[in-house]
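Good morning, and thank you for making time for this presentation. Please keep the sequence and the model in view while I speak.

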Amino acid sequence: KAKDKRRISSLYFDISLVYSAIKNYKAQYDFIIKGGENLPDQSSPLYNFMLIQYQISLCSYYLDINKADSALHYARLSIETSDKLGIGVYDMVSICLTGAAYALANDAAKADSAFTKALGKLPNMKQNSLRSLFYDTYIKYLIQASRLEQAKLFCRQFINLGNTANSNSIRLKSIVYMQQLFDALHQTDSAYYYSRQESKINTAIFSEGNIDRLQTLSFH
């Protein structure tokens with residue numbers, strides 16, 4: 001009713017993230033496009049701010065469905081928009097997604113270049129979500145490239161981030177990678193240990209969800 005395109009587009013992008021999480025890729029794409037159709041006018045000071053979210057969302061979508069060329073296209077566009085904005089948060093996201101896109105395209109040299117650049121920016125990134133994005137994309141690449149000892153080092157840092165942030169969602173991601181890593185190393189006992197840890201955290205997350213729902217019902 002207010003015709004506030006900045007918020008309309010933002011909400012569509014948020015909805016697309018939910019569909020990405022539950023792997024409903026068609027709905028994810030549809031809501032990204034709806035967000036793109038509702039970007040603020042180009043004369044708006046918030047146009048590039050929302051445009052980069054559109055570009056990042058499409059890059060993430062094409063990474064989700066394993067289409068490297070399209071992911072790279074939108075990663076490059078997001079870097080161009082990030083340069084205009086000069087906001088470190090979007091710079092970090094664009095670089096990590098570019099690394100992931102090059103990894104998907106099996107271009108190890110360019111993937112390494114992007115992730116090295118992201119690693120250099122990591123100490124200045126205070127947001128746990130950004131640090132998590134770096135570890136998530138980089139560890140996946142290292143495991144797929146069979147650089148397992150290097151992956152182990154970053155997995156431990158990822159686990160430490162989850163513990164420091166007291167975030168079960170970050171812990172879960174890091175432990176899943178640890179389990180994959182030890183599977184690849186054929187270290188069955190360690191892989192089993194992290195598989196059990198994954199199960200425990202899943203249970204904890206489910207319990208947290210129940211508590212949240214009960215609190216909401218009590219509030220109403």
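I begin with a definition: a residue is called buried when its relative accessible area is under 20%, exposed when it is over 50%, and partly exposed in between, with a 1.4 Å probe and protein chains only. The model is a predicted one, in which local features need pLDDT of at least 70, side-chain atom pairs count only at pLDDT 80 or more, and totals for chains, interfaces and linings use all residues. Residues are numbered from 1 along each chain as its sequence is written, and side-chain values use heavy atoms, with hydrogens and water left out.

Let me start with helix 9. Helices here are DSSP runs of H or I with at least four residues, strands are runs of E with at least two, and both are numbered from the N terminus. The buried residues of helix 9 are Asn168, Ile170, Arg171, Leu172, Ser174, Ile175, Tyr177, Met178, Gln179, Leu181 and Phe182. In general, an α-helix has 3.6 residues a turn, so residues three or four places apart point the same way. The expected span of a helix is 1.5 Å times one less than its number of residues. After helix 9 comes His186, with a positive phi near 60 degrees.

Helix 8, residues 148-165, has 18 residues and reaches 25 Å from its first C-alpha to its last, close to the 26 Å expected. Its buried residues include Phe154, Cys155 and Phe158. Just after helix 8, Asn166 takes a positive phi of about 50 degrees. Asn166 lies in the loop between helix 8 and helix 9 and is exposed, at a relative accessible area of 58%. The side chain of Asn166 makes a polar contact of 3.0 Å with that of Arg171; such a contact is a pair of N or O atoms within 3.5 Å, where within protein one must be able to donate a hydrogen and the other to accept it, and residues adjacent in sequence count only if both atoms are side-chain atoms.

What of the cysteines? A disulfide is a pair of cysteine sulfur atoms within 2.5 Å, and a search of the whole structure finds zero. Cys155 is in no disulfide either, the nearest cysteine sulfur, that of Cys96, being 15 Å away. Cys59 is buried at 0% relative accessibility, and Cys155 is buried at 0%.

Turning to helix 1, residues 5-21, we find Ser9. Is Ser9 buried or exposed? Ser9 is buried, with a relative accessible area of 0%. A polar atom of the Ser9 side chain lies 3.1 Å from the backbone oxygen of Arg6. Leaving aside residues up to four places away in sequence, Ser9 touches Gly35, Asn38, Leu39, Pro40 and Met50, where contact means heavy atoms within 4.5 Å. By contrast, Lys23, in the loop between helix 1 and helix 2 (25-37), is exposed at 59%.

I close with the surface. Which element gives the largest share of the lining of the largest pocket? Helix 7 does, with eleven residues.
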